[in-house]
Amino acid sequence: MTAAGGVAVVAAVVAGAVQLATGPREQGSPAAGPSDLPSPSGCLPSRLHVSSHQVVAGSTVQVFSGPFACEGRYPAGKTYTLVLAQVGRAAPIRLGARPVHRDGSFRALVRIPVDASPGESFIQAHGTLFDRPCRDTVTGQASCAGYSVGISVLPSKAATSPTRNAGSPHTTTPG
């Protein structure tokens, strides 16, 4: 394969990813109403960010996004539901609904539960155009585009503290 061919494949994959996120609805899917979508239709939210990519279970992290890069607007009262997805280790954990500004920007402080499973995870925001059912234009299969940011959940400090008086070098024994 030539370098030019490799670039063409990458361009096709990138173009497919864009179509994946904004692709046509599957037949039978209910159309989203004007109150659910920013206008013009197809305007996606700005990239999702976190204040830290390493978060200790039981502590907080700020999740935020800038305004739409287009002329999109949400209706007043729009919210995103934030979820902690724990890759292959445990069920997703709902972190709560947070308000979104009409321009698509938002900022939320969320607590990662103390019992969250340590490891690779994602904070997902539901309630955006990424939630729309879409069809992969290459394979024709239903696909799952999402609005998320990766984090690494570290064990809680309580889980990593040594047990008091259990063989600690600072333990004294009556003698």
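Biologist: Which strand is joined to β4 by six bridges, and how do the two run?

Modeller: Strands here are DSSP runs of E with at least two residues, helices are H or I runs of at least four, and both are numbered from the N terminus. Two strands pair if DSSP finds at least two bridges between them. In this case β4 is joined to strand β7 (residues 119–126) by six bridges, and the two run antiparallel. Leu 84 stands opposite Ile 123 in β7. Keep in mind that this is a predicted model, where local features need pLDDT of at least 70, side-chain atom pairs count only at pLDDT 80 or more, and totals for chains, interfaces and linings use all residues. Residues are numbered from 1 along each chain as its sequence is written, and side-chain values use heavy atoms, with hydrogens and water left out.

Biologist: In what order do the five strands of the open sheet come?

Modeller: The order is β2-β10-β7-β4-β5, with mixed pairing. β2 (54–56) and β5 (93–99) are at the edges with a single partner strand each, so one side of each has no neighbour in the sheet.

Biologist: How do I read an aromatic pair, and how many turn up in the whole structure?

Modeller: You describe two aromatic rings by the distance of the centres and the angle of the planes. Rings of Phe, Tyr and Trp (its six-membered ring) pair if their centres lie within 6.5 Å; planes under 30 degrees apart are stacked, over 60 edge-to-face, and the rest tilted. The search finds four pairs. One of them is Tyr 80 with Phe 106, edge-to-face at 5.1 Å centre to centre and 85° between the planes. Tyr 80 lies in strand β4 (residues 79–86) and Phe 106 in strand β6 (residues 106–111), so the pair ties together parts 26 residues apart in sequence.

Biologist: Are Tyr 80 and Phe 106 buried or exposed?

Modeller: Buried means under 20% relative accessible area, exposed over 50%, and partly exposed in between (1.4 Å probe, protein chains only). Tyr 80 is buried at 0%, and Phe 106 is buried at 2%.

Biologist: Which cysteines does the disulfide join?

Modeller: A disulfide is a pair of cysteine sulfur atoms within 2.5 Å. Here Cys 43 is joined to Cys 70, S to S 1.6 Å. The torsion about that S-S bond is about -80°, so the disulfide is left-handed. Cys 43 is buried, at 6% relative accessible area, while Cys 70 is partly exposed, at 30%.
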